[in-house]
Amino acid sequence: MTRDERFETAAAAIRKARALVITAGAGMGVDSGLPDFRGDRGFWNAYPMYERLGLSFVDAANPEHFERDPAFGWGFYGHRTNLYRETAPHAGFHILRGWVDRFGLDYFVVTSNVDGQFQKAGFAEDRVLEVHGSIHHLQCCRPCSEAIWDNKESISVDFSTMRAGRIPACIHCGGVARPNILMFGDWSWLSERTRQQERHFDEFITDNREVPLAVVELGAGTAIPTIRSLSERLGSQYGGEVIRINPREAQISPPFISLSCGALEGLQGIESVLTS
């Protein structure tokens, strides 16, 4: 099948659908200028200070820093908070929103990203499942309670040392606060916010199990295959037509659709067929 034929097939799946699940990994943000941390080299290109310290993404994204050296822990997550707040979602997000509106699709977003870009692009808060949590929400490091609250902190970071100028505090006990994100080797992450999102997603699937379903997967890699596995499960268990868009790891078994390109390019290619 040629590239143009793949775009045609993907567009036909969107036209046929009555419900849409958007599944997204780190590659979704690349076209907005966000790093995807692919391999140590990709991480170090975004954060050269960690290369000098000999730290990988796994090392930096470790909850132990908030216990041992909170200023260092918040250096990484404070910088990312600022970056995500400043970043505008790319046009691909708006193409997806356009499909929802134009074709009257019920929809849900499932993402491993913690950046809040889908909500920023206008997707409803109760239609998003963030499987690894959100940088825009905080919790106590201990934790002293089950509380999760909005991240309204202003955090300056010295990029040369990756240390934060101030440490956000727990609103209940005054101890160190941390992002409500599932980190590596994390035993203190509070999962209730994500579990509530999971319940909303389960209800969505139940409500739409009898209608034609399209699954559009964007930038989800194989290193942590949570998103890819979900896409394939929705395709096999619920008869969904899966469209996998990925520039390096687009492989997927027929009859599912593989588009070997970036998220924005893939969405624009499908949109060009839909509007032709």
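Helix H9 (192–207) and H10 each supply at least two residues of the lining of the second largest pocket. The structure is a predicted model.

**Exercise 1.** Describe the lining of the second largest pocket by residue, helix and class.

*Solution.* 
- Step 1: the lining is made up of Val110, Leu129, Val131, Glu198, Phe201, Asp202, Thr226, Ser229, Leu230 and Arg233.
- Step 2: the largest share, four residues, comes from H10.
- Step 3: by class, the lining holds five nonpolar, two polar and three charged residues.
- Step 4: the volume of this second largest pocket is about 150 Å³.

**Exercise 2.** Characterise the largest pocket: its volume, its central residues and the helices that contribute to its lining.

*Solution.* 
- Step 1: its volume is about 1100 Å³.
- Step 2: 45 residues line the largest pocket, and the closest to its centre are Ala26, Asp36, Phe37, Phe57 and Ile224.
- Step 3: at least two lining residues come from each of helix H2 (39–46), helix H4 (57–60), helix H6 (70–86) and helix H10 (226–238).
- Step 4: H6 gives the most, with three residues.
- Step 5: the lining divides into 23 nonpolar, 14 polar and eight charged residues.

**Exercise 3.** Classify two of the aromatic pairs and place their residues in the structure.

*Solution.* 
- Step 1: the whole structure has 20 aromatic pairs.
- Step 2: phenylalanine 43 and tyrosine 47 have ring centres 5.7 Å apart and planes at 40°, so this pair is tilted.
- Step 3: phenylalanine 43 and tyrosine 47 are both buried, and they belong to one aromatic cluster that also includes Tyr50, Phe57 and Trp74.
- Step 4: phenylalanine 108 and phenylalanine 204 also form a tilted pair, with 5.6 Å centre to centre and 50° between the planes.
- Step 5: because phenylalanine 108 lies in strand S2 (residues 106–111) and phenylalanine 204 in helix H9, this pair ties together parts that are 96 residues apart in sequence.
- Step 6: phenylalanine 108 and phenylalanine 204 are both buried.

Definitions and conventions: Residues numbered from 1 in each chain as written. Predicted model: local features only at pLDDT ≥ 70, side-chain atom pairs only at ≥ 80, totals over all residues. Heavy atoms only, no water. 1 Å grid on protein atoms, 1.4 Å probe; cavity = no way out; pocket = protein on both sides within 12 Å on 5 of 7 lines; lining within 4 Å. Points joined across faces, edges and corners; volume = space filled by probe spheres on them. Nonpolar A, V, L, I, M, F, W, Y, C, P; charged D, E, K, R; others polar. Phe/Tyr/Trp six-rings, centres within 6.5 Å; stacked < 30°, edge-to-face > 60°. Buried < 20%, exposed > 50% of the residue type's maximum accessible area, 1.4 Å probe, protein only.
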